[in-house]
There are 6 protein chains.
Amino acid sequence: MMNTSIAIYPGSFDPVTNGHLDLIERAQKIFGHLVVAVLRNVDKQPLFNVTERVEMLREVTKSWPGVEVDVFEGLLVDYARRRQAGVILRGIRAISDYEYELQMAMMNRKLEPRLETVFMLPGETYSYLSARLVREIAMLGGPLTGLVPPQVEARLRAKTA
Amino acid sequence: MMNTSIAIYPGSFDPVTNGHLDLIERAQKIFGHLVVAVLRNVDKQPLFNVTERVEMLREVTKSWPGVEVDVFEGLLVDYARRRQAGVILRGIRAISDYEYELQMAMMNRKLEPRLETVFMLPGETYSYLSARLVREIAMLGGPLTGLVPPQVEARLRAKTA
Amino acid sequence: MMNTSIAIYPGSFDPVTNGHLDLIERAQKIFGHLVVAVLRNVDKQPLFNVTERVEMLREVTKSWPGVEVDVFEGLLVDYARRRQAGVILRGIRAISDYEYELQMAMMNRKLEPRLETVFMLPGETYSYLSARLVREIAMLGGPLTGLVPPQVEARLRAKTA
Amino acid sequence: MMNTSIAIYPGSFDPVTNGHLDLIERAQKIFGHLVVAVLRNVDKQPLFNVTERVEMLREVTKSWPGVEVDVFEGLLVDYARRRQAGVILRGIRAISDYEYELQMAMMNRKLEPRLETVFMLPGETYSYLSARLVREIAMLGGPLTGLVPPQVEARLRAKTA
Amino acid sequence: MMNTSIAIYPGSFDPVTNGHLDLIERAQKIFGHLVVAVLRNVDKQPLFNVTERVEMLREVTKSWPGVEVDVFEGLLVDYARRRQAGVILRGIRAISDYEYELQMAMMNRKLEPRLETVFMLPGETYSYLSARLVREIAMLGGPLTGLVPPQVEARLRAKTA
Amino acid sequence: MMNTSIAIYPGSFDPVTNGHLDLIERAQKIFGHLVVAVLRNVDKQPLFNVTERVEMLREVTKSWPGVEVDVFEGLLVDYARRRQAGVILRGIRAISDYEYELQMAMMNRKLEPRLETVFMLPGETYSYLSARLVREIAMLGGPLTGLVPPQVEARLRAKTA
């Protein structure tokens with residue numbers, strides 16, 4: 001059984017940005033239960049490990065009762081089945097995003113036809129924001145205010161000092 | 001008050017295609033109440049008048065209890081407020097679609113910040129389908145099977161005979 | 001029976017430009033028989049009528065023995081079947097072009113699965129060129145050299161004088 | 001002689017929006033003399049006539065000494081030569097915009113190689129804004145605050161009352 | 001001498017997918033001789049080595065007499081000249097694909113003007129499919145049926161077990 | 001203080017191509033002082049080191065008195081502030097370029113609101129050209145004439161022999 005009031009928002013969240021947070025705030029109004037699912041990707045070398053990423057996400061989403069932070073590995077559709085989630089949530093911004101997102105959504109539908117992908121827009125203020133850009137600016141000592149929550153900024157400063 | 005379990009799927013539906021129907025079927029599993037809202041556009045000369053478009057939509061969606069067919073005119077955000085709907089649903093296919101859809105979604109958010117636009121994908125079989133293409137093929141006497149529901153095909157044949 | 005050495009290059013050709021001609025030259029090397037098919041579109045008000053468009057095309061393609069100029073109306077796939085052509089040729093330039101072209105190619109494949117659409121690129125010099133731009137420049141009295149063949153330039157001047 | 005410190009910003013400006021204004025403010029810091037050039041397009045039926053569009057533009061740009069408002073018709077490159085302007089300024093937002101803008105810029109370069117087209121971005125707040133959307137919202141009685149300057153809002157209200 | 005009835009379909013084919021196979025089937029009807037050319041890329045670490053990739057391709061294309069499987073390294077235009085092929089065949093799906101494909105086609109035309117690049121569409125069922133996605137799903141133990149031919153599925157299972 | 005007649009053209013220039021050179025030639029007519037700024041990127045392994053890249057750029061731009069070649073590292077906006085430059089210049093070609101360029105321009109505007117990004121088009125002949133393609137062709141021993149200046153061609157040959 002898959003439940004369409006449970007939505008999964010998958011990603012790397014390395015680290016969570018104000019763009020992710022804006023999307024989570026919008027989506028938790030629509031879906032009764034929103035699972036922010038951090039991908040444990042063994043191939044890539046992240047800036048923050050999975051435990052740190054989950055800690056930061058829990059801190060910045062703690063005021064929303066319907067939001068849960070979890071970790072997954074393996075196929076997203078298998079994880080969705082285990083969680084009985086009927087919806088995948090994705091944010092979209094640019095064209096190149098969009099093409100890749102469509103491809104993943106169609107493949108996930110092929111792998112699990114009962115699972116729907118739903119796309120939402122972050123606020124216009126965050127349309128240029130990505131975790132990769134945030135990491136680069138932190139590495140170069142640039143200003144992070146407005147790009148990430150204060151707790152994340154402190155951790156980024158500590159990590160890249 | 002705006003209710004995020006009420007979603008509006010606005011459009012011209014001149015006529016409803018199998019692509020629209022596929023999206024309605026997917027969306028009514030997610031949203032408790034889905035209002036398919038036919039735009040009464042006084043400027044354009046449609047093939048089917050609003051009454052005909054509503055009749056066809058009601059016929060082909062009658063098996064889904066959560067789906068309602070309605071008519072609107074004026075600003076979509078005003079209609080959404082009157083219906084207390086918190087979500088606008090839009091289908092996306094091609095890039096040019098997508099750009100226009102983003103622009104409308106951002107403008108609607110500016111006009112009514114409590115209203116979220118949510119995008120879903122029609123089945124891959126319908127990715128090339130549009131009401132305009134259907135009208136053109138009907139005008140030229142081409143085959144419509146698989147493009148529109150049988151009832152709509154009969155009406156299109158009668159209209160373009 | 002559909003023959004894959006017969007290709008149809010459909011369009012309005014109102015009028016033929018150097019971009020069209022460049023594509024015809026490239027394609028006639030690949031396909032034994034290339035039919036340049038002028039659409040008789042009853043809805044639109046063209047600058048040149050179908051007879052004029054065919055005359056200009058015949059004049060500028062007369063040195064290629066494998067190229068034929070013809071007129072069609074109705075569904076392109078019906079015309080392709082009548083001509084026993086197995087290939088539709090289309091030129092692509094910009095993104096918006098491309099999206100529309102993909103949509104048409106997928107619809108034509110649905111209407112006639114034996115018919116393949118093949119895309120080719122005009123020379124880089126013609127990547128900005130379209131019949132609509134040519135008509136606009138002619139109307140405003142601008143220079144047409146390099147945009148259309150000399151015979152077409154003369155006719156454009158006569159038409160817009 | 002063409003002067004690269006004179007830039008032309010051509011458009012319909014029917015009416016000028018806050019997005020246009022944002023771009024003019026940014027550009028007048030770069031170019032010593034910025035000519036906002038209103039196209040007198042005889043084919044289209046505008047909401048405001050050329051005189052009204054020029055009046056509104058003059059009113060909202062009067063605090064910038066380097067900005068001039070003018071009218072043109074015919075080929076843009078001919079107008080640029082008459083004004084001895086070496087630069088065309090265009091704002092870009094969406095993909096479909098972008099493709100069309102590239103095509104025009106390449107054609108204008110072909111018609112006048114000494115003329116460069118330069119693209120700038122409006123502020124992110126205006127990325128969804130267009131004169132067409134503004135006209136539609138005004139027609140439907142929607143709120144215009146933040147989309148156009150106050151003087152333009154008053155005129156739009158009077159025109160669409 | 002370059003022969004326009006000989007087409008080269010170059011790629012990594014690591015491994016061949018049902019999308020590739022669909023395109024090969026369509027193209028071998030148009031081109032008398034279709035060379036599927038596997039790139040020996042010394043920089044990248046493939047999942048299957050060149051010998052394995054060629055074996056799989058030969059197995060799944062053996063029923064089409066006009067299809068040959070070969071290996072190449074170095075510049076594609078040099079290989080095309082050696083094979084006297086006048087046509088490069090490429091499949092296109094998404095926008096990002098398309099941009100890269102245009103760039104390569106224009107560069108290849110610059111390097112060898114007698115060589116034409118021709119684009120074809122895979123079936124809509126395969127529009128989301130790529131060898132990279134197939135490798136990822138295999139690594140994660142997901143279902144491969146419908147994505148690759150049975151022989152390739154068996155080899156993928158053996159390789160990623 | 002930031003000066004809008006000083007423009008920075010940042011990039012890797014590994015190596016400078018005829019496309020870069022075409023853009024520099026166009027831009028130095030508009031901006032009194034154009035700083036071509038080579039990024040010292042410690043993460044990537046370039047083909048030419050920073051000293052070589054600067055030498056090549058100085059050689060091929062020496063006839064333009066307003067052009068300066070410099071090196072920077074760290075945040076581009078910090079470098080722009082140090083140089084008192086009010087303009088960032090970027091060339092745009094393809095869609096994927098464009099999306100990334102917009103994202104960077106919006107982020108740079110957020111980091112430094114007084115800094116404007118201005119986009120220009122390289123000549124149509126260079127629309128397919130990139131430093132990466134040039135490096136690949138050089139590695140494979142392909143022809144470089146027309147792609148890079150003669151001095152750069154000689155250095156590429158020496159480096160990849």
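Which residue of chain B forms a salt bridge with R26(A)? The partner is E116(B), with the closest N and O atoms 2.6 Å apart.

## Basis

This is a predicted model, in which local features need pLDDT of at least 70, side-chain atom pairs count only at pLDDT 80 or more, and totals for chains, interfaces and linings use all residues. Residues are numbered from 1 along each chain as its sequence is written, chains are lettered from A in the order in which they are written, and side-chain values use heavy atoms, with hydrogens and water left out.

## Interface extent

On chain B, 25 residues are in contact with 25 residues of chain A (heavy atoms within 4.5 Å). The buried area is about 2,200 Å², and carbon and sulfur atoms give 63% of it; the term means accessible area (1.4 Å probe) lost on putting the two parts together, summed over both. Y98(B), R109(B) and L121(B) supply 26% of what chain B buries against chain A, more than any other three residues.

The rule finds two salt bridges across the interface (a side-chain nitrogen of Lys or Arg within 4 Å of a carboxyl oxygen of Asp or Glu).

## Elements and strand pairing

On the chain B side, α4 (95-111) and β5 (116-120) each give two or more residues; helices (H or I, at least four residues) and strands (E, at least two) are DSSP runs, numbered from the N terminus. The largest share, seven residues, comes from α4(B).

Strand β5 (residues 116-120) of chain A runs antiparallel to β5(B), joined by three bridges (pairing requires at least two DSSP bridges). Within this pairing, V118(A) stands opposite M120(B).
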